[in-house]
Amino acid sequence: METKLRYEVGSTIGGYRVDRVEPLENLKGTYYELTHVPTGARHIHIEAPDDSKAFNVAFPTVPKDSRGVAHILEHVVLAGSERFPVRDPFFSMTSRSVRDFMNAMTFSDTTAYPFCSRNDKDFHNLLEVYLDACFFPRIEESSFKQEGHRLEFEQTDDPTSGLRIKGVVFNEMKGAMASSQAVLGRSIGKALMPGSTYANNSGGDPAAIPDLTWQDLRDFHATHYHPSNALFYTYGDMDLPTLLGRIEELALSRFERIEVDVSIPDQPRFTEPATFADVYPLSPEEDPSRKTEVLVAWLTTSQADPFEALSLEVLSQILVGNAAAPLRKALIDSGLGDALATGSGYSDSYKQAVFGAGLKGTDPEHAEEIERIVLETLARLVEEGIDRELVDAAIHQFELHTREVTNSGFPYSLRVWFQLKAAYLYGGDPYRALQLEADFDRLHAEVSAGPFFEGLIRRHLLDNPHRARLVVAPDPELETRQQEAERQRVEGVEASLSEDEKRAIVAETLALKEEQETKQDLSVLPTLEPTDVPLDIEEVALEIETINGATVAFCPQPTNGLSYVALQADFSGLDERLKGLVPVFARALSRVGAGEYDYVGQAVRVDSYTGGIAAFPHLRRRADGSIEQAIGLNTKALVRNHKPFMEILRDVLSAPRFEAGRLRDIIAEQRVQTESAVIYSGHAYAAMLAGAKLTPLGALNERLNGLTGLTLLKDLSAKGDDLSELIADLEAIAEHVFRGGNLHICVTGEERSLGELRDLVAETLSVLPGDATPGGDLPEVEASERFDARTTSVPVTYNAKMVQTVGFGHPDSAKLNVLGNYLKSHYLHREIREKGGAYGSFASQNAEGGIFAFMSYRDPNVARTFRTFDEAVKHAIETDLDPTEVKEAVLQSLSQVDPLLSPDTKGRRRFFDDLAGYTREEQARFKEALLSTAPEDLSRVAAEHVAQGRSALGSVGNAQKIEEANAELGGLFEIGPV
């Protein structure tokens with residue numbers, strides 16, 4: 001198909017000059033590079049027949065210290081602007097939009113403001129707000145104090161109650177820097193690029209954040225957020241002159257070109273390797289053994305060359321990408337650690353790419369041995385050569401993922417930006433970064449011509465002295481030292497204050513509080529009306545049949561040459577002991593051997609012919625109130641690989657090979673990763689602790705996916721290789737669940753390929769028993785007067801309150817959904833984030849589960865937050881709610897029930913929703929119920945369901961904060977370690 005090029009190079013569109021026009025055959029579209037002549041702003045536009053429209057403006061931001069100027073500015077920029085002088089237009093727009101994505105991101109050397117929407121009016125509304133926020137923010141001192149840092153007395157109006165440092169980013173970064181992963185991630189820049197912007201913490205070091213001034217912030221914006229330093233990106237089916245005209249009218253026409261120096265010099269090369277050590281906080285009660293991370297890292301090549309970058313990414317996949325990868329295998333087989341270290345593999349977070357390899361779950365004394373293993377393994381690969389099968393499998397993985405058009409993780413319209421980001425930022429060719437087919441052809445030719453990847457190892461790693469050995473170890477005394485340093489700092493400031501200065505702090509605090517309390521006139525913000533949102537639910541074609549007892553749906557979709565299989569296997573009939581092992585079984589299933597292949601051979605086989613296999617516990621409350629208990633499995637492949645693809649699936653289902661040594665490594669890795677996840681997703685674990693006290697589904701979910709599951713992993717890790725009982729249990733699970741009558745399968749692919757797939761699915765299922773195993777019910781949950789809290793080494797907390805309400809089929813379920821969005825946007829955000837200093841707060845109704853949830857994230861408070869949750873409900877009951885705010889909550893709810901789907905997920909979602917009773921008709925009814933919600937409905941459902949529903953609390957985080965709150969709350973919590 002020939003792509004029509006609509007504009008010629010050298011032509012002008014308003015103030016823009018067209019610098020480059022190229023076809024994008026894989027997207028059936030056109031690539032444009034443009035320059036806004038008066039300002040020098042650069043713009044890449046991808047014209048594609050896609051209703052998902054994307055915008056991003058990125059600014060190279062190169063902080064010269066760790067005071068967090070780029071990160072705090074990202075927050076403050078979104079806190080009111082010239083045309084939209086309200087306190088928080090960014091968060092206000094979340095309830096006035098049906099966007100598919102909306103955020104702001106601070107990277108190590110860039111700040112980006114992306115959004116995308118399928119609604120044309122919504123896209124242009126967000127465009128207005130984003131442009132005004134970025135180029136004309138108010139940057140008020142009060143916003144700086146709220147988002148960055150401020151001094152405030154413990155009792156806001158009492159200057160004798162003790163001074164404290166508060167601020168959203170200040171608290172966020174305390175939580176963010178409390179893990180070995182975060183510290184090691186920051187240490188890479190310090191170790192390999194000392195003296196550069198990458199040696200600084202762009203997010204902000206809590207010890208340095210209080211040194212940042214309001215004027216510093218304003219100055220940084222003036223230089224870094226000028227159009228002359230802006231890199232625009234747009235994507236979708238849009239009229240280009242109209243789009244560019246709006247950007248020019250709303251922002252660029254008010255600027256003239258300036259010189260902005262955001263250059264990042266190439267790092268001077270080391271003449272010999274370096275060593276670097278750092279520490280992270282650990283509770284004194286925790287055992288520090290095997291909690292160190294060791295990484296051997298190299299500074300490699302500039303990312304401006306897409307082929308060199310692609311080659312190193314493929315090399316990374318070869319070396320550490322799967323269980324058969326030789327460097328990964330050598331490290332894991334050493335027994336010196338439990339999982340690959342943070343930073344292992346290729347990293348594109350810097351101008352010059354980094355490659356690393358190492359172990360976490362180790363001890364400092366093993367650092368030299370780990371480095372020796374890395375270097376000797378690389379040397380052996382160069383000398384003996386890399387197995388061609390590994391090379392081909394790695395290249396296949398990149399080719400498959402390059403071809404795939406999916407909205408998983410990020411909308412595809414923004415995934416394209418991430419693909420060209422490095423070349424765009426660092427002076428490369430962004431168009432070439434999108435034309436990977438040519439680079440893959442070159443890569444195949446280079447591999448065929450000789451030892452290509454061996455040469456890369458020699459050039460970029462073995463003969464490259466720009467290397468560092470990083471050791472990040474736990475320090476049980478670090479948090480105490482940090483707290484003491486903060487205390488001394490604050491006491492020093494307090495001792496120097498005059499009475500007038502103390503009164504001034506009180507006055508500023510009260511003024512900020514009054515500003516936070518003041519109702520904003522949000523009418524200045526653009527908005528959608530609920531009538532702008534279509535109520536129809538897309539109809540998806542499915543052909544459903546029974547094959548050897550299994551219910552199989554075939555879904556034709558334009559998948560760009562890929563085929564997808566999504567499978568659910570019922571495990572409800574397992575006894576309770578075996579159910580507890582389902583997460584271990586699911587994780588092991590895609591990582592052990594199968595059929596004739598051991599785990600190494602199976603790993604190569606999977607990477608050679610599929611896009612990977614993901615297995616996981618799947619729990620869901622059906623519309624009739626019963627509980628789905630299934631093992632989910634998702635996999636995909638290119639059409640040309642259908643036969644080996646289905647043979648792999650056959651062996652995984654019928655003949656998994658559970659071996660003690662491999663299981664030991666899988667369990668250790670799963671344990672370490674779960675421990676790490678608690679630091680970043682503590683609110684989810686707190687919610688599971690609370691939910692376990694309410695419903696059978698909640699109890700099983702916490703047991704499988706929560707901290708109880710982590711305890712099981714710790715117990716299994718302690719067994720070492722003594723896993724014969726576990727192997728027997730896993731084999732029993734496989735025999736029980738993988739039977740035709742237990743299976744529901746959705747197969748998605750190009751229509752022309754579904755016939756072949758149907759035959760192969762039948763062949764695959766023919767090796768399984770065709771019957772079903774009897775199902776089982778979950779035990780009821782006993783009422784409890786006390787709740788669970790878990791402590792870990794973080795200076796913040798994550799809090800959750802869960803309330804049992806009504807399910808999807810109840811007429812009030814949709815109203816509760818709106819109530820959640822109303823409370824999140826119009827109460828909790830102000831009380832928990834703006835006043836309380838937490839990074840985030842949430843309220844939501846899980847319509848399927850019949851649970852209303854309150855949560856806080858990276859929160860310096862516990863008891864205050866739980867009181868706020870209760871006060872939020874009281875507010876909804878006793879206040880005359882603003883109809884406009886309720887309308888916005890309705891709009892937000894409508895957008896949530898119509899997520900952006902891609903061809904690979906449309907059929908899967910429809911099939912499994914229908915099986916669970918959530919049919920198109922029921923979902924349409926739910927949307928109509930959302931649309932009819934009035935203010936009085938929210939007051940009523942808050943009173944009838946949330947205020948009176950059975951509730952439970954959960955908290956995860958800092959031990960001192962939780963213990964103090966427990967005393968204040970009358971001992972509600974049973975406290976234990978994570």
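E384 and R380 form a salt bridge (a side-chain nitrogen of Lys or Arg within 4 Å of a carboxyl oxygen of Asp or Glu), with their closest N and O atoms 3.9 Å apart. This is a predicted model, where local features need pLDDT of at least 70, side-chain atom pairs count only at pLDDT 80 or more, and totals for chains, interfaces and linings use all residues. Residues are numbered from 1 along each chain as its sequence is written, and side-chain values use heavy atoms, leaving out hydrogens and water.

- E384 is exposed at 58% relative accessible area, while R380 is partly exposed at 36% (buried is under 20%, exposed over 50%, partly exposed in between, with a 1.4 Å probe and protein chains only).
- K329 pairs with D333 in another salt bridge, the closest N and O atoms being 2.6 Å apart.
- K329 and D333 are 4 residues apart in helix α10 (residues 326-333), so about one helical turn separates them.

- R459 forms a salt bridge with E308, with 3.0 Å between the closest N and O atoms.
- That pair links distant parts of the chain, 151 residues apart: R459 is in helix α16 (residues 452-462) and E308 in helix α9 (residues 306-320).
- R459 is partly exposed at 46%, whereas E308 is buried at 12%.

**The wider picture**
- The whole structure holds 81 salt bridges.
- R20, E22, E33 and D429 are joined in a salt-bridge network.

Conventions. Helix = DSSP H or I, 4+ residues; strand = E, 2+ residues; numbered from the N terminus.
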